[in-house]
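Hi,

Here is the structure I promised to hand over. Please open it beside this email; my notes on what turned up follow.

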Amino acid sequence: MRDYSDQIANRDPDRDVEITDIETCVVEGNFEWNLIKVETDAGVTGIGESYRGGGVPELVEYTKRFLLGENPLDVERLSRYIFQEMSGHGGTTGKVVTAASGIEVALWDAAGKILGLPVYQLLGSKYRDEVRLYCDCHAGEAYAVEDGATAYAGAEAYSPEAYAAEAARVTDMGFTALKFDLDLPADNDPDPYNGRLTNAAIEEKREIVEAVRDEIGYDVDLAFDCHWDYSVESAKRLAHELEEYKLMWLEDLVPPENMDAQKEVTKNTRTPVATGENRFRVFELSELVYDHGVDVITPDPTTVGGLAETMRVADRAEENYMPMSPHNVCSPVGTMACVHLGAATPNFDLLEYHALEVDWWDDMLARDEPLIQDGYIEVPEEPGLGIELDEDVVEEHRLEGTSGF
């Protein structure tokens with residue numbers, strides 16, 4: 001294993017800090033949230049979050065072989081160190097980058113606490129005092145509960161009426177931007193594999209979009225997510241059919257691997273197209289941006305490589321006059337990391353909020369007021385991310401069979 005210590009210049013003793021431990025805890029929310037702690041010998045703990053799903057705790061544990069003893073203030077160098085040391089484990093893409101993303105967020109939090117600065121300031125600047133959210137909403141069977149938690153409890157799941165009722169409920173909460181899933185069970189008829197939409201399936205989607213627009217009007221921004229399900233011709237037909245509804249964007253229309261297919265869809269519709277959440281590092285997103293294969297780029301900071309790597313994506317998007325709206329399905333930890341990113345990025349637009357059904361989401365933080373106020377989150381001024389975990393709540397919702405902090 002390569003030793004970098006002889007390449008690191010001496011620094012002020014007050015900043016001569018070492019990482020002493022790295023821990024993970026998987027919290028069972030609406031997704032499996034991978035929380036990360038970085039402990040230091042300065043008595044400061046940084047918290048971060050990697051994208052949901054399996055494999056992350058094991059990879060984070062592996063990084064302790066070479067990160068312990070390193071200085072947590074060297075955030076970007078340590079991120080590159082992970083990619084390089086784990087290149088043989090697929091370290092340039094995939095789950096290694098996901099694990100590194102959460103460690104990087106925790107390092108920024110620790111660095112901010114050590115230096116007495118909020119993370120947005122460490123990232124370079126402050127462009128806004130609050131970050132606008134779009135609320136990811138649902139109108140499917142899993143959400144049509146009978147206790148009144150959703151407005152459409154009496155409506156048929158996936159019906160236009162269910163979508164419209166949920167849109168009304170969420171806008172009443174103060175959100176001025178919404179997103180729904182537009183991939184439906186009917187998409188699998190008559191063939192669940194070829195990605196082709198029938199005329200009937202496209203008409204069903206048009207009726208849903210029309211019902212939501214009729215309910216909320218055109219002053220509320222509205223997007224729909226398709227989860228990479230369709231063939232190029234079906235994606236183009238659907239996008240054309242929805243042009244009159246002036247959507248904020250259609251997201252992930254075609255599978256993500258083929259950039260040329262993505263460009264073909266984007267350049268054949270007036271409906272804005274968004275994608276980017278399942279690409280890794282700036283290298284996998286640059287072509288999409290420079291060739292205008294997308295109208296709105298949507299990297300996930302807890303997937304793509306962390307906050308600094310997301311800013312590299314944003315820089316390339318800004319060169320091409322393209323807004324960035326990060327994908328975010330995180331707990332409050334990853335969400336607040338994205339808030340600092342939004343504060344520091346000039347071409348940032350909106351941030352996803354995807355935990356409406358988790359009624360204890362705010363309880364994870366040791367604070368008195370909800371993070372979200374009328375569809376916005378205020379950018380904190382406290383050092384680091386400006387948040388502290390409620391360890392009891394984290395432990396209460398720890399995924400069964402996993403170890404906690």
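Strand S4 (residues 130-137) pairs with strand S12 (residues 376-378) in the antiparallel sense, over three bridges. Within that pairing, Glu 130 has Glu 378 as its bridge partner. Bear in mind that this is a predicted model.

S4 has other partners. It runs parallel to strand S10 (residues 351-353), joined by three bridges. There, Tyr 134 stands opposite Glu 352. Strand S5 (residues 177-181) also pairs with S4, in the parallel sense and over three bridges. Cys 135 of that pairing has Leu 178 in S5 as its bridge partner. Is S4 mostly covered or mostly open? Mostly covered: seven of its eight residues are buried.

Leu 178 turns up again in the core. The largest nonpolar core has 118 residues. Leu 178, Phe 224, Leu 253 and Ile 297 have the most contacts inside it. Helix H3 (residues 94-115) gives this core its largest share, 10 residues. There is also a second, separate core, of eight residues. Among its members are Ala 177, Ala 223, Trp 249 and Leu 350. As background, nonpolar side chains tend to be buried together in soluble globular proteins.

Three strands form an open sheet in the order S1-S2-S3, with antiparallel pairing. Which strands are at the edges? S1 and S3, each of which pairs on one side only. From one strand to the next, the twist averages 20°.

Strand S1 (residues 19-28) pairs with S2 over nine bridges. The hairpin from S1 to S2 goes through three residues. S2 (residues 32-40) is mostly covered, with seven of its nine residues buried.

On to strand S3 (residues 45-50), which pairs with S2 over six bridges. Leu 35 has Glu 49 in S3 as its bridge partner. This hairpin has four residues between its strands. In the turn, Gly 43 has a positive phi of about 80°.

H1 lies across S1, S2 and S3, and runs at about 175° to S1. H1 (residues 56-67) also meets helix H2 (residues 75-85): their axes come within 11 Å and cross at roughly 110°. H1 is therefore roughly perpendicular to H2, as angles of 65 to 115 degrees count as such. At the meeting point, Thr 63, Phe 66 and Leu 67 in H1 meet Leu 78, Tyr 81, Ile 82 and Glu 85 in H2.

Last, helix H11 (residues 307-319). How far apart are its end C-alpha atoms? They are 18 Å apart, which agrees with the 18 Å that its 13 residues should span at 1.5 Å a residue. The expected span is 1.5 Å times one less than the number of residues, so the end-to-end count uses the steps between residues. Buried residues in H11 include Leu 307, Ala 308, Glu 309, Thr 310 and Met 311. Val 313, Ala 314 and Ala 317 are buried too. After H11 comes Tyr 321, whose phi is positive, near 55°.

Best wishes

How values were computed
Residues are numbered from 1 along each chain as its sequence is written. This is a predicted model: local features need pLDDT of at least 70, side-chain atom pairs count only at pLDDT 80 or more; totals for chains, interfaces and linings use all residues. Side-chain values use heavy atoms; hydrogens and water are left out. Buried means under 20% relative accessible area, exposed over 50%, partly exposed in between (1.4 Å probe, protein chains only). Helices (H or I, at least four residues) and strands (E, at least two) are DSSP runs, numbered from the N terminus. Two strands pair if DSSP finds at least two bridges between them. A nonpolar core is a set of buried Ala, Val, Leu, Ile, Met, Phe, Trp, Tyr and Cys residues joined through side-chain atoms within 4.5 Å. Axes are lines fitted to C-alpha atoms, for helices over the stretch in contact, and angles run from 0 to 180 degrees between N-to-C directions. Angles under 35 degrees count as roughly parallel, over 145 as roughly antiparallel, 65 to 115 as roughly perpendicular and the rest as oblique. Contact means heavy atoms within 4.5 Å.
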